[in-house]
Amino acid sequence: MNAQMEPTPEELLAGSTVIFNVVVPPHILQPTQSNEQSEADVVVQLRPLTIGTFGLIMKAGKNDPSLIPLLMIKESLVKPALSLEQVKKMHLGLVNFLIAQIRQISGLTEKKT
């Protein structure tokens, strides 16, 4: 029989403070370049979205759903920190990659049935 422990509030909230280093593959960062490896890995730092932040993003994107992924990136990207205007200038492949990473670290992946 497994022993059960009651979690503390700190344990439940700890995951929202973790920072993840994510390597951006060269073909994602610069899709028009050749497939040669870059000299150094490009690493960004992402934090998981909290329910509070996600709720605000959904509310802000209610009238303009195209804002949702942009705000997700802006709020999750720790390093380098970018303004919303800078995020809007990202190419679509990079946006898709970052959104997939943010969904993964935030626990927003769909369960396969």
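The protein exposes about 8,600 Å², and carbon and sulfur atoms supply 56% of that area. Buried residues account for 24% of the 113 residues. The model is predicted. Its secondary structure comprises six helices and three strands, and the elements follow the order α-β-α-β-α-α-β-α-α from the N terminus.

**Contacts along the chain**

- Of the contacts between residues at least 6 apart in sequence, 61% link residues at least 24 apart.

**The sheet**

- The three strands make an open sheet, ordered S1-S2-S3, with antiparallel pairing.
- Strand S1 (20-24) and strand S3 (77-79) are the edge strands, each pairing on one side only.
- From one strand to the next, the twist averages 45°.
- Strand S2 (residues 42-46) is joined to S3 by two bridges in the antiparallel sense.
- Within this part of the sheet, Leu 46 stands opposite Leu 77, a residue of S3.

**Helices on the sheet**

- H4 packs on the sheet and touches S2 and S3. The direction of H4 makes about 35° with that of S3.
- H6 also packs on the sheet, where it touches S1 and S2. The direction of H6 makes about 150° with that of S1.

**Helix H4 against helix H6**

- Helix H4 (residues 67-76) and helix H6 (residues 92-105) have axes that come within 10 Å and cross at roughly 65°.
- The crossing in which H4 passes H6 is left-handed.
- On the H4 side, the contact is made by Pro 69, Met 72, Ile 73 and Ser 76.
- On the H6 side, Val 95, Leu 98, Ile 99, Ile 102, Arg 103 and Ile 105 make the contact.
- Sorted by class, the residues of this contact are eight nonpolar, one polar and one charged.

Conventions. Residues numbered from 1 in each chain as written. Predicted model: local features only at pLDDT ≥ 70, side-chain atom pairs only at ≥ 80, totals over all residues. Heavy atoms only, no water. Axes fitted to C-alpha atoms, helices over the stretch in contact; angles between N-to-C directions. Helix = DSSP H or I, 4+ residues; strand = E, 2+ residues; numbered from the N terminus. Left-handed = near helix turned anticlockwise from the far one by under 90°. Contact = heavy atoms within 4.5 Å. Nonpolar A, V, L, I, M, F, W, Y, C, P; charged D, E, K, R; others polar. Pairing = 2+ DSSP bridges. Buried < 20%, exposed > 50% of the residue type's maximum accessible area, 1.4 Å probe, protein only. Areas by Shrake-Rupley, 256 points an atom, 1.4 Å probe, with all protein chains shown as cover.
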